Amino acid sequence: MKANYLDELNERQREAVLHINGPLMIVAGAGSGKTKVLTTRIAHLMRNGVDAFNILSLTFTNKAAREMKERVEKILGGSEARNLYIGTFHSVFARLLRAEAHRLGYPNDFTIYDTDDAKSVLKTIINELNLDDKHYKPNFVYNRISAAKNSLMGPEEYQHDYYVQQEDMRANRPLIGKIYDMYAKRCFKNGAMDFDDLLFKMYVLLKSFPEVLHKYQHKFKYIMIDEYQDTNPAQYEIIKLLGAVNENICVVGDDAQSIYSFRGATIQNILQFEKDYDDARVVKLEQNYRSTKSILNVANEVIAHNKGQIEKNLWTDNQDGDTIKLVRTNTDNEEGKFVADTIAEQKLRNHYDNRDFVILYRTNAQSRSFEESLRRKAIPYRIYGGLSFYQRKEIKDFVAYLRITMNTRDEESLKRIINYPVRGIGKTTIEKTLVLSNDHNITMWEVLERAREFGFKGGTLEAIDGFVTMIRSFQAMLGKHNAYDVAVNVGKSTNIVKELFNDKTTEGLARYENVQELLNSIKEFTETPDEEGELLDKSLGSYLQQITLLTDADNENKEDSDVVKLMTIHAAKGLEFPVVFTVGLEETLFPSGMSINTREELEEERRLFYVAITRAKSRLWLTYANSRYRFGNLVQNEPSRFLEEMPEKFIDRSYAGGGAIRNAFGSTNGGGWGAGGGSNMFDRMQKKTTPSSPQQQNQGPRPAPKPATGPVSTHVPTPGFAPDDPAGMEPGMQVEHQKFGFGTITGMEGAPNNRIATVVFPKGGGEKKIMLNYAKLRIVR
DNA sequence: ATAACAACCCGGATA
DNA sequence: GGGTTGTTAT
């Protein structure tokens, strides 16, 4: 062990580390060395005689857990760190529940349903109730149920809670309680828990079985919680229960970075900590080691617009650094192009690698224009988020076989693969099985097992028996072979691997490779020592429960490859990058149009902006576009209100054109470039510029980012551009297009209600087919 | 049964 | 625009 581990800490950090017994709250500002303090504290506890087996450390992401474990190991040197119980709330509780599930009537190998599984179950139930799933949208219902569970409200209470019922009535969806009830029963019948159940049932378990609570209270004598500001009431109550005896609870958080209220998190948990534990020690980490003064000052001033923060003054010894660059472009595509150009330029000018850059956006859908522009410039990139590996269809299909092998109650998985690959068990048979299972109150699997008895005949009976025999053969393997051998056998017996192998299309090839990758991951799982806790559980059931809790970001193998990263701001929390582009800073997008109705919502958006800013170590670009495509049509947004909240001193607005942005803010016509607005004004105030590409402007002595290619498709529409009725358009006419500029209609085809014009745009890339219902054209003459 | 095509929906962030 | 679901044609 490093003897001098305390020397590497500043005074505040040391204070936090040295506190051993009793409740402790560490208020850790962005970039203040939070992880270092947490890991050093764990090491310090162990140094002072605390057994690793008695330490529980909970995080929100697998990545944070992994990192913490590695760093503790590094400080301690030995292998003792292996005995620590470090993991995400969900994965730790899944493991504990796995050990205790029988008490709740669940199989120990219960299935964990991800969001898609859960919504699919909900859709089934909604249809069973003869409700319209356009009105009772599974997504909406799921969110309601999720919120209920996160505040520890079961179906009974939900249906009898006056306030909740009022809400559902007002939303004209009075039957959500009924759906919740059926959903809970269905999940139980299926032997399945969804993500929220992992918290909810954990609470129920501890509350209902004092001996279980007692056991874990004495096992986990020291508890640490990372990102405490993101805990929800369920997590809060569980922590409180577990820590009630020893009260050795150490929470770390930053109220300024609370961005998960949609997941039920309540900022109250951190604000109230001192009231919950009256002898709590509070330590504030206020020195930032990450960012330049410019960046930090901007961040501080932005967050100061929120009310009711824990008082703190984040400061840094780092140098002033560059100003923050504010960039306005005409369209989302130009925004993408600007960012790609700037990355290329910065790589040359300041010798950055691709891995030094991150592009942060509010919504995943924004990634498209950046992907395109990066690809065009041959800059390698990777998008984080979106579909996780385990959400791909071919993987879910394969995993469904494994799930049904472990847990035959799992109806969702059964339905998924009962006729995949096709084996002659069609819709009618499945329906019949379903009805029988409901009538006799048994699982579908039990119906299939007793198919003959239930009157199935001929080819159908044969097919069913074949299926049952096959699944049983997998189950028989479990005792004698490891998870990998079982999985390989599943691939063979079902013919899935062969079938994918024979598919020579590009997608088929990718699917085949994905399944191979799945098999590899199972192999790796069975062969490597356990990551988390002392439970050396290498079973297939354990594997299945873990993978559902993995996200895209946990695909770490490409972690340090030299690529530009693209992700949502949410996904970037806890990370840092030398150069950050925060994009799409427009009203209705960021802040989201859905979160501007209450102060609470808006403040959370602002905290999100704060998180985005504080990811940057040395350079920060903020970009926004006058107009962008959203759901297929062009919309125009004003610059984000957050841009007004930044101190002028540290901002370089010359990229955007200082006049232009101020005009947009003060504009009475409201639009970024409405009639007589934006572009006109912009022209007037920047006489020397070419109006076609405002993002390339360079006002000061500072060198401009010089995009390598000229503005090919950049066209600034005529002031007052408004589309004309397509009905009046005929070949020969001169028209104007928002992007392609002026052109001539040379041909017309298609039905009267869906006419397609052929238009030649001399400056906009030649001949194009324009669907008149979609693209807006202005008739010039 | 599958492929090709039309209709429809989406409002967001995640373990 | 893009992804998914439903419908129709072969």
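S32 is found in the loop between β1 and α2; helices (H or I, at least four residues) and strands (E, at least two) are DSSP runs, numbered from the N terminus. The model is predicted, so local features need pLDDT of at least 70 and side-chain atom pairs count only at pLDDT 80 or more, while totals for chains, interfaces and linings use all residues. Residues are numbered from 1 along each chain as its sequence is written, chains are lettered from A and ligands numbered from 1 in the order in which they are written, and side-chain values use heavy atoms, with hydrogens and water left out.

With a relative accessible area of 1%, S32 is buried (under 20% relative accessible area; exposed is over 50%, and partly exposed is in between, with a 1.4 Å probe and protein chains only). Leaving aside neighbours within four places in sequence, S32 is in contact (heavy atoms within 4.5 Å) with Q13, L285, Q287, N288 and Y289.

G31 lies in the loop between β1 (24-28) and α2 (34-47). Not counting residues up to four places away in sequence, G31 touches Q287, N288, Y289 and R290. Both G31 and S32 are among the positions that UniProt lists, in an unreviewed entry, for "binding site": A28, G29, A30, G31, S32, G33, K34 and T35. UniProt positions are given in the numbering used here, feature names are shortened, and annotations may be inferred rather than shown by experiment.

K36 has its place in helix α2. Residues up to four places away in sequence aside, K36 touches E8, L9 and R71. The C-alpha atoms of K36 and V17 are separated by 9.7 Å, and the two residues are 19 residues apart along the chain.

**A residue in another loop**

D255 lies in the loop between β7 (249-253) and α13 (268-271). Not counting residues up to four places away in sequence, D255 touches Q229, I267, I270, L271, Q309, I310, K312 and R607.

The table gives the accessibility of these residues.

| Residue | Relative accessible area | Class |
|---|---|---|
| G31 | 17% | buried |
| S32 | 1% | buried |
| K36 | 28% | partly exposed |
| D255 | 1% | buried |

Two packed helices are described by the angle between their axes and the distance between the axes. Axes are lines fitted to C-alpha atoms, for helices over the stretch in contact, and angles run from 0 to 180 degrees between N-to-C directions.

The axes of helix α18 (residues 393-406) and helix α25 (residues 506-527) come within 9 Å and cross at roughly 40 degrees. The two helices are therefore oblique to each other; angles under 35 degrees count as roughly parallel, over 145 as roughly antiparallel, 65 to 115 as roughly perpendicular and the rest as oblique. E394, I395, F398, V399 and L402 in α18 meet R511, N514, V515, L518, L519 and I522 in α25. The crossing of α18 and α25 is right-handed (the near helix is turned clockwise from the far one by less than a right angle; anticlockwise is left-handed).

For α18 and helix α23 (residues 483-494), the axes come within 10 Å and cross at roughly 110 degrees. The contact is made by F398, Y401 and L402 of α18 and A487, V490, G491 and T494 of α23. These two helices are therefore roughly perpendicular to each other, and α18 passes α23 in a right-handed crossing.

**Confidence**

Chain A averages a pLDDT (the predictor's confidence in each residue, from 0 to 100) of 84, and 83% of the residues score at least 70. Over residues 657-715 the pLDDT is below 50, and this stretch has 99 contacts in the model beyond near neighbours in sequence.
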